[in-house]
Amino acid sequence: MARYKGKIIGLAAMLICTVILIVVAATLKKNKSDDADNRVSSGTVSSDNKSYTAYDFAMGTSLSMTVYGDMKGSGSEKAEEECKKAFNLIKELDEEVISWRSSESVVSKLNCDGKMKFSDGNEVLLDVLLISSTLCKDSGGALDITIRPLADAWGIEEFDDKPEEFTIPSEEELLDAKEKTGYDKIIVNMADLTSGRLENASLVVELGGTTVDLGAVGKGFALDYVYNELIDVNDIVLSVGGSILVYGSGNKSKDFKIGIRDPEGGMNDMIGTLTLPSDCGKVCISTSGSYEKYIDKEGVRYHHIINPATMRPADSGLVSVTVVCNKDSLYPEYSGLISDGLSTACFILGREGSEELLKNYKAEAVFIDTEGNITTTDGLRDIFKNE
């Protein structure tokens, strides 16, 4: 027995070490997971202690939020919590309601079934559909929330190969895709008016063989959603990709300066700035451009903004459109959604073709054409400055 004693002790030591390694590995894994869950907490306080900025990722794009105020003491902790709440709201809205890519979202279920009764629990999507459909109609179909089959036919958004490998879809493929589109095929009917009281009725939406893609309005609506659910702070700037919410109560000592990206430059290159007063209230700014997602092949740029009428990437002579909607705009409670949808519609319609649409929605815009010329509507001439 004595001759096995050393081996037994050795085996016991090995087992103890193995257990320790497993515990350490599990702890490291948990800490790594915790770090991922708390990644928003890596936000920073400005050098003058007057703002806090945090970053995250959702809806296939980058998020950023700056909270203004006194960041000394508990100020930064409150700002951090507001940023976390805002980012979580955006993720929930995307994954549970408006993303056609999420199989569990309300819009995916609508696309799958082809119809849906809207009552308690899915009114958010109904609001988006009704306002978006109105904007589709008012833009003459330049904005079309059923554009997905045509976008898929081109495949520009998902293409990640060499440009020379990109294949332009045939006319037959495009016509086949177009048959599956058309915002005007969406029908909304009143249902269940059994009690005779309008407030007890529900609405049924039927897609008429189309599918809904809210990519052209979703990021803007996320701004409205956060604003309606969360404005517990004095002043903020929230960015969801190319859509920005500015809320100014007047407590911020300086004006807000919002940069407009240079279409020919990098992510941080600005061609101009919009200056908003510190008491501007709710202002939403959205930009659409041919520089966002594109493929250059044989001297031609194929970008992701598809004109429903031509079935091809829009060719209106523009490379960028920025739309501004404030508290005086039509449907101010949906100014994020409207600014986002209008930026796409105006990009397709062109500068002159957008004038009446912008006027009807009491919105303003900055246009940048293929020659680098910058044009603004009257309401922005005093607040836009070219860099």
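This report describes the fold, charged contacts and selected local features of a predicted protein model.

## Basis of the model

The model is predicted: local features require pLDDT of at least 70, side-chain atom pairs count only at pLDDT 80 or more, and totals for chains, interfaces and linings use all residues. Residues are numbered from 1 along each chain as its sequence is written, and side-chain values use heavy atoms, with hydrogens and water left out.

## Overall architecture

The protein chain contains nine helices and 19 strands; these are DSSP runs numbered from the N terminus, with helices (H or I) of at least four residues and strands (E) of at least two. Of its 387 residues, 46% are buried. Here buried denotes under 20% relative accessible area, exposed over 50%, and partly exposed the range in between, with a 1.4 Å probe and protein chains only.

The chain exposes about 20,400 Å², of which carbon and sulfur atoms supply 50%; accessible areas come from the Shrake-Rupley method with a 1.4 Å probe, and for residues only the protein chains shown count as cover. Among contacts (heavy atoms within 4.5 Å) between residues at least 6 apart in sequence, 60% join residues at least 24 apart.

## Salt bridges

The whole structure holds 12 salt bridges, each defined as a side-chain nitrogen of Lys or Arg within 4 Å of a carboxyl oxygen of Asp or Glu. One of them joins the side chains of Arg148 and Asp152, with an N to O distance of 2.9 Å. Both residues lie in helix H5, four residues apart, about one turn of the helix. Arg148 is buried, with a relative accessible area of 9%, whereas Asp152 is partly exposed at 46%. The pair belongs to a network of salt bridges that links Arg148, Asp152, Glu157 and Asp213.

Two other salt bridges connect separate elements. Glu171 and Arg312 meet at 2.6 Å, N to O; Glu171 lies in helix H6 and Arg312 in strand S15, so this pair ties together parts that are 141 residues apart in sequence. Glu171 is partly exposed, at 40% relative accessibility, and Arg312 is partly exposed as well, at 34%. The side chains of Lys282 and Asp224 meet at 2.9 Å, N to O. Lys282 is buried, with a relative accessible area of 8%, and Asp224 is buried at 0%.

Asp160, Asp161, Glu164 and Glu165 form a negative surface patch. Such patches are made of residues with over 30% relative accessible area and no salt bridge, like charges being joined within 9 Å and nonpolar side chains (Val, Leu, Ile, Met, Phe, Trp, Tyr) within 5 Å. Lys and Arg count as positive and Asp and Glu as negative, while His and the chain ends are not counted; the place of a charge is taken as NZ of Lys, CZ of Arg, CG of Asp or CD of Glu.

Lys297 is placed in strand S12 (residues 294-297). This lysine is buried yet has no salt bridge, and the nearest side chain of opposite charge, Glu298, is 5.1 Å away.

## Backbone and loop features

Most residues other than glycine have a negative phi. Met311, although not a glycine, has a positive phi of about 70 degrees. Met311 is buried, with a relative accessible area of 6%, in the loop between strand S14 (306-307) and strand S15 (312-313). Tyr331, also not a glycine, has a positive phi of about 55 degrees. Its place is in the loop between strand S16 (318-325) and helix H8 (335-349), where Tyr331 is partly exposed at 30% relative accessible area.

Lys180 lies in the loop between H6 and strand S5 (187-191) and is partly exposed, at 42% relative accessibility. Beyond its neighbours within four places in sequence, Lys180 contacts Thr146, Pro149, Gly209, Thr210 and Thr211.
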